[in-house]
Amino acid sequence: MIQEEAQPQNRQVWYRLEKNDLQRQVSFRSTPDFAKKAPPSSQTLSPSKFGKKLSASPLTTWHNVPGRTSVTESEVFLNMTHRDSEGPVCSLKFVTLLVALSPEFLFLGAGLQLRDNGYDGLLIAVNPQVSEDQNLIPNIKEMITDASFYLFNATKRRVFFRNVKILIPATWKASNYSKAKQESYEKANVIVTDWYGAHGDDPYTLQYRGCGKEGKYIHFTSEFLLNDGLTAGYGSRGKVFVHEWAHFRWGVFDEYNNEKPFYINGQSQIEVTRCSSDIAGIFVCEKGPCPQENCIISKIFQEGCMFIYNSTQNATSSIMFMQSLSSVVEFCNASTHNQEAPNPQNQMCSLRSVWDVITDSDDFSNSLPMSGTELPPPPTFSLVQAGDRVVCLVLDVSSKMAEADRLLQLQQAAEFYLMQIVEIHTFVGIASFHSKGEIRAQLHQINNDDDRKLLVSHLPVTASAEAEISVCSGLKKGFEVVEKLNGKASGSVMILVTSGDDDHITNCFLTALSSGSTIHTIALGSSTVKNLEELSRLTGGLKFFVPDKSNSNSMIDAFSRISSGTGDIFQQHIQLESTGENVKPQHQLKNTVTVDDSVGNDTTFLVTWQTSGPPEVVLFDPNGRKYSMDDFITNLAFRTARLWIPGTAKPGLWTYTLNNTHHSPQALKVTVTSRASRSAMPPATVEAFVERDSTHFPHPLMIYAIVRKGFHPILNATVTATIEPETADPVMLKLFDDGAGNIQMNAPRKSVGRSEEEQKWGFSRISSGGSFSVLGVPADPHPDVFPPCKIIDLEAVKEEEEVVLSWTAPGEDLDQGQANSYEIRVSKSLQKIQDDFSNAILVNTSKLNPQQAGTKETFKFSSELFTNRPEHQPDGEAQKSHRIYVAIRAVDRNSLKSAVSNIAQASLLILPNSPPVLARDDLILKGVLTAIGIIGTICLTIVVTHCVLKRKKRAGKKENETKLL
């Protein structure tokens, strides 16, 4: 089931937040570290013990140390106004809605929605790397059409697909496609790629938020959609889509378990992990049919034993077990659900049936079954394709920009964006505003460096004396700029940067929404614009906040995060380094950055400084070649120096030293970006996101991150979070991915292989996050309202005369610190321990002292205590059950108790004269086994961060062939 080396770690840290309205920016940096074995990470934050973990430097880099074997390391930044909390694993930025909106805006700019029983706005995007095939789009249409009717019946006439958009890659030949507006690959609910990743052609859903929570996307390969031969094993594509839709939309899990295809039930019978138990078949051993009992040897199942399903079935459920069976048309409900089966659905959803979780969703709460007997109409499809890439910078030049070096930071970040980040062939224009708007540069297509330099020359040089600002005036000029290309703003991108407060920004909401433009916003300083973030949300843009701190690199990080959104990772710039420090006179900022062999093209080092005197710069490549300031292109007006490495940068450790030769302290900052070194190998990437923009104390806010190569997850990442509050020092926290807290612990996917270079140096990635708000934080002193996290990875195994338990330690407060004690209880009745944990048999844990959060715990107790111990068995259950059920909860110093863990089960049955134990690798449960994705998740309670790796293990080629008698 769960492999220890791949278990996500996580940790919770609490901070005191002194103001009621907190806005936070989240940035993530991923730096692979082979110097230390540590799983992917996550952290939890809350409002007490502020300042417990501070660091003089906002970023940390780990390098190779002999004898250590970590795969990656990530650094994360969370910026927030006033006081901090901390964050996750990779990068992202988001902003908060602080005021209410008019009802007319509620449905504008929204994506996927359910209205009158029909889903509107389902977006399917084809990756640019997928070759054009005339059958692909028709097959997608057929799949969704079949799925719509199948879903309608499976949900008892509740929901269907009404309209669907398919985003065609810009690399495909233009046809009669409509022009995309705010649709992009990054926003798609379903993606189609040629990357097979760890799952082969298995469809899977990237689930990261736990039971009952929506996933991130559904993934199909083009081979799955084009090869009709695969339907023999998977079933029809429409049925497969409904299976994945239930994962994605309603947060349910699989009812099979590749790692545990069989189990011993409460009546000491060998049972197949399935739902429902009515699905018929026979056990088959190596030499043909055999009795069930021949399939078990001690606690390990016999090699070559399998369960083969009958070709004709009467069972109608379950879609989450085997949708390929022709009789299966329903989800398991209360009457058919198998609570004993050791499958992900029972583990993640506390033994609830799939149908129970689905009917508890918002979709079902807000809709009734359709009356009558008629079927819904088939879905309608719109094919859209992105046109020319058009960007306009809309920049605040009011007097507020003269404060705290805001204009300088804007100049440095905008220059870097124009010279390095924005993709070639993009049309770029520039507008500025204070109380009125002004066009500074009409659209100009970037074809070479001269075009980039021309645009840089139009950036604002000074701030206006006027303090009043009008965001709408700036946007109006921005729309005028982009409309010059083809008369419409549809499909364009605005990057709006402002530092002032504008109460009239809602006046242009409707104009912005109807324009079809995506608006990214960057708010500077404490006087953030109300509703600015909502403008981004409604138009599908990103949201950033930049604190007024001289050593913060947040502005450049924000601009670096804004990409084309096409999904073509080979054309996008990847941030490898982002650091800043206030350096004393005659002191240095010295560090190294790793350039791994998956990147290296178009590598650029950017150095920025605060005062008029540039620092002395020395840079060494891995071979010892020295670069000095003479090799950099310097812009003294913007206080930047940029070095572009021709060709492919040498892989390895690059060492830089910045000497402050000025007579006063100044902020020195370094940014490094690169692109993929070759198209045959996708580079390691970091992606992070937040589930919502704000939360109210003490409710959690979730931030998530993915670190991967292509679609292979990168396991064992060391992750560091840096939180940047508005005024206080940055807080650095090591993030762990260890299974504590609200983490989904399922079988890990295969990790990617590493080259010798990667094993020597690791790799480094940075990606900026977003701001968010925590509202209603009470004044000191804070009561202890945070219990330890729920344990959800409890395992129980019978070893000789003992039962061995294992789990990941939670903390005193969520996943931070050290719990005070554990309460372990055992029952022979699954129902009893589930419904009445407090009255189950208590295990003596007086010698069990909780360890630090994130540590792997083990505990043994004698099975003899329960083998012969009488216990009331409800509803006539067998008195001599050889099955016990175990659960645990943690208790803190103030007697606050965590939620009861997942229920683990162990068989006390020992068969006499057992032959030698054989390997379990060849135990195959034949059937259609589709896969669920994994993700690093970070749960913040007042920011609870959890990096989660979740997957459904890929069925092997053998497992994809359904055997029916």
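How far apart are the sulfur atoms of C211 and C349? They lie 2.1 Å apart, and the two residues form a disulfide, a term used here for a pair of cysteine sulfur atoms within 2.5 Å. A disulfide is a covalent bond between the sulfur atoms of two cysteines. The model is a predicted one, in which local features need pLDDT of at least 70 and side-chain atom pairs count only at pLDDT 80 or more, while totals for chains, interfaces and linings use all residues. Residues are numbered from 1 along each chain as its sequence is written, and side-chain values use heavy atoms, with hydrogens and water left out.

By the distance rule, the count comes to three disulfides. In the pair already named, the torsion about the S-S bond of C211 and C349 is about 110°, so this disulfide is right-handed. C211 sits in the loop between β12 (204–206) and β13 (217–221), and C349 in the loop between α6 (344–348) and α7 (354–359), so the bond ties together parts that are 138 residues apart in sequence. Helices (H or I, at least four residues) and strands (E, at least two) are DSSP runs, numbered from the N terminus. C211 is partly exposed because its relative accessibility is 23%, whereas C349, at 2%, is buried. Here buried means under 20% relative accessible area, exposed means over 50%, and partly exposed is in between (1.4 Å probe, protein chains only).

Another disulfide is formed by C275 and C332, with their sulfur atoms 2.3 Å apart. The link of C275 and C332 has -120° about the S-S bond and is left-handed. C275 lies in the loop between β15 (270–272) and β16 (281–285) and C332 in the loop between α5 (319–322) and α6, so this pair ties together parts that are 57 residues apart in sequence. Both C275 and C332 are buried.

The remaining pair to describe is C472 and C508, joined by a disulfide with an S to S distance of 2.2 Å. The torsion about the S-S bond of C472 and C508 is -80°, and the link is left-handed. It connects distant parts of the chain: C472 is in helix α11 (residues 471–486) and C508 is in the loop between β25 (493–498) and α12 (509–515), 36 residues apart. Both C472 and C508 are buried.

Two further cysteines can be checked for accessibility. C392 has a relative accessible area of 0% and is therefore buried. C789 is also buried, with a relative accessible area of 3%.
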